[in-house]
Amino acid sequence: MSSEITKELLESETSGVLKTELTLGLPGDSLVQKSGIKRGFSDVDLKLANYDQAESQPPPQAQVVGWPPVRSYRKNLIKNCKYVKVGVDGAPYLRKIDLEILSSYQDLLTAMGDMFTCLTICHVLNERKLMDSANGEEYVPTYEDKDGDWMLVGDVPWKMFVESCKRLRLMTSSEAIGLGAAAPSTPSKGSSTSC
Amino acid sequence: MHSFQSMLNYFPEEVLEHVFDFLTSHRDRNAVSLVCKSWYAVERFSREKVFVGNCYAISPERLIARFPRFRSLTLKGKPHFADFNLVPNDWGGYVQPWIESIVRGGVNLEELRLKRMLVSDESLELLATFFPNFKSLVLVSCEGFTTDGLAAIASNCRFLRELDLQENEVEDRRGQWLSCFPDSCTSLVSLNFTCLKGEVNLASLERLVARCRNLRSLRVNNAVPLDALQRILAQAPQLVDLGTGSFVHDPDTESYNKLETSMQKCTSITSLSGFLDVSARCLPAVYPICGQLTSLNLSYAPGIYSDELVKLICYCNRLERLLVLDTIGDKGLGVVASSCKELQELRVFLSDVYGIGNTAVTEEGLVAISAGCPKLNSILYFCQQMTNEALIMVAKNCPNFIRFRLCTLNPTVPDAITMQPLDEGFGAIVKSCKDLKRLSISGLLTDQVFLYIGRYAKQLEMLSIAFAGDSDKGMLCVLNGCKKLKKLEIRDCPFGNVALLADMGKYETMRSLWMSSCEVTFGACKTLARKMPRLNVEIINENDQIEASFDDKQKVEKMYLYRTLVGPRKDAPGFVWTL
């Protein structure tokens with residue numbers, strides 16, 4: 001089929017070389033602006049440069065008004081999403097969890113239990129822990145907050161937690177001792193770290 | 001000729017009217033009314049449904065004068081690019097003057113369908129008060145009203161059959177609008193309030209569903225929890241179209257088990273949507289009805305990953321329409337391709353709407369779909385990258401596209417393998433898909449692609465272009481070649497005055513033209529407006545309200561022109577200037 005589509009040579013000022021490569025840069029960059037093209041509503045200045053086939057990198061993404069073309073209704077729906085990474089000590093990969101769809105710490109524990117299916121929730125006194133029934137290891141949920149500190153999950157009101165949580169980690173009980181967790185009922189394994 | 005003419009006149013008007021009754025498409029009716037004067041007359045008195053693609057193209061008074069007996073009106077307001085924040089909110093598109101005129105004109109309005117219009121509570125109250133036979137209200141992408149307006153509709157429209165709210169921005173007034181449906185209301189066939197953010201009285205909803213035995217379509221909002229959904233389904237096993245509310249629950253509970261049972265009894269459900277809040281663990285409840293689904297919309301559910309999506313979709317063997325997020329990934333699309341052989345329409349939306357990261361969907365997914373789903377005729381596809389080779393293959397596999405909309409995250413990304421522009425790929429699409437009516441192109445594109453479009457896209461009615469082309473030649477190819485073009489919307493392209501003014505008469509054959517961040521100047525727009533009195537040429541300029549300061553050579557930021565029979569509109573705000 002492509003043989004039927006004959007390429008028509010267009011007269012262009014720079015014959016053969018594609019002269020439009022739009023790169024998006026932030027205002028303040030020392031870019032040469034093609035005369036007259038001013039994107040009044042976007043925060044971005046466009047630069048038209050000679051396109052070189054050797055450059056395999058596409059221009060960097062930046063925020064252009066109305067691009068990608070997604071209806072505001074959809075944007076507002078997705079905005080209400082807060083995905084944070086969840087790791088478990090000893091597991092090679094991380095998962096992601098959306099905090100916005102959960103409404104309580106109990107939900108969070110349940111969701112984490114779902115995600116790392118070898119773990120089940122166990123309640124010791126008032127603590128929230130997850131336990132791996134295979135090896136008896138206990139895990140305590142901890143999180144990194146906006147200031148970069150590692151905190152024990154459960155101290156602040158839920159909404160405040162959602163607001164400040166950047167990532168989650170299930171730490172083994174022994175490692176979490178320094179965070180103020182009560183002494184675990186099983187003997188601690190390995191060395192304990194204090195924060 | 002004479003005998004044919006007298007043969008036409010032989011049929012009494014009642015017979016003609018009866019024949020015309022079978023014509024439901026407005027295009028057919030428009031054509032029929034052009035045949036001769038008597039057909040025009042018969043047709044205009046018998047037309048019940050009127051479609052107005054641009055609310056500023058005609059006035060309500062003239063509409064009522066021509067079609068005095070119409071009962072159903074469809075109106076569209078803002079230009080399409082308003083969806084992407086390119087048009088200020090108060091640009092226009094008010095329905096109020098229309099409703100006031102229709103009230104004054106004594107029209108027996110039964111059905112109103114609006115898209116991208118500004119609707120006030122007052123408008124809704126007028127509808128509810130003055131049209132005793134009002135049956136159907138469909139609002140798509142509208143705004144300006146609150147739940148108080150909905151309360152008026154619910155309270156007063158005694159024969160309401162359809163209340164369908166799609167993706168509107170509605171202010172919640174906590175007035176329990178749903179409870180305003182009186183006990184005597186049993187006529188509802190379709191109720192969709194997915195886009196509402198506030199709570200509804202669950203008991204009222206359940207009672208409403210119980211007494212409306214003809215209810216076929218119900219789409220609830222996020223505030224309706226899963227256990228309430230279960231009770232509703234138990235009352236309405238006859239549903240054909242279901243939109244779930246919050247689909248989050250502990251699966252190890254009795255109410256979840258009850259939901260599974262109720263769902264199984266809903267053997268008529270062919271369309272499923274909702275899932276604004278969903279936990280993957282609850283999805284198995286819908287497995288029993290997957291085999292009967294023809295339409296599935298999971299595009300509001302961001303927390304569901306590819307493997308969970310796939311578990312659901314692999315049961316949906318009768319699916320004709322699928323809307324998903326790009327979290328499905330290329331692999332997931334591969335499963336769609338092998339499971340959904342009846343697929344006609346696919347939409348893959350962005351989950352990362354700010355375009356900052358990557359999407360999991362590339363040209364591979366598209367090729368897989370095209371290979372596996374031969375009936376595919378409509379696609380909207382957001383993707384990370386594309387190649388000419390892929391598009392050429394897609395064109396070969398699926399020559400039946402009516403709608404083809406591709407959007408690359410980076411608007412000027414070249415072919416991912418060859419680094420060439422994507423001209424050849426889109427060229428293949430338009431050459432192969434002879435019935436293509438709607439096209440959106442994306443990626444690195446030169447004037448060449450427009451040459452192909454102008455030459456091959458003979459049925460094209462709507463074209464969306466962004467960041468493409470090299471010169472006026474591109475736009476000229478499209479204007480000259482696409483004889484059926486109705487809507488052309490262009491942003492950030494190097495098209496200027498030469499293209500704009502080359503064939504001014506063309507715009508009277510089209511509904512509208514949008515050009516923003518292009519090269520057209522103020523002077524050219526003025527020329528066009530002067531020479532074509534039946535076009536409104538609007539300049540939208542939010543930054544500069546001082547009209548006098550416009551220099552002819554100055555580039556116009558946003559121009560929207562449309563054909564009209566009623567001249568410049570009187571409701572244009574200060575920043576819109578009709579030349």
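Student: How many aromatic pairs does a search of the whole structure find over all chains?
Tutor: The search finds 22 aromatic pairs; rings of Phe, Tyr and Trp (its six-membered ring) pair if their centres lie within 6.5 Å, and planes under 30 degrees apart count as stacked, over 60 as edge-to-face and the rest as tilted. A:Tyr143 and A:Phe161 form an edge-to-face pair, because their ring centres are 4.8 Å apart and their planes stand at 90 degrees. This is a predicted model, in which local features need pLDDT of at least 70, side-chain atom pairs count only at pLDDT 80 or more, and totals for chains, interfaces and linings use all residues. Residues are numbered from 1 along each chain as its sequence is written, chains are lettered from A and ligands numbered from 1 in the order in which they are written, and side-chain values use heavy atoms, with hydrogens and water left out.

Student: Are A:Tyr143 and A:Phe161 buried or exposed?
Tutor: Both are buried, that is, under 20% relative accessible area, where exposed is over 50% and partly exposed is in between (1.4 Å probe, protein chains only).

Student: Which residues form one aromatic cluster in chain B?
Tutor: The cluster consists of B:Tyr56, B:Phe81, B:Phe84, B:Trp91, B:Trp514, B:Tyr560 and B:Tyr562.

Student: What share of the 579 residues in chain B is buried?
Tutor: Buried residues make up 60% of them.

Student: What does the C-alpha trace of chain B span along its principal axes?
Tutor: The trace spans about 70 × 65 × 60 Å.
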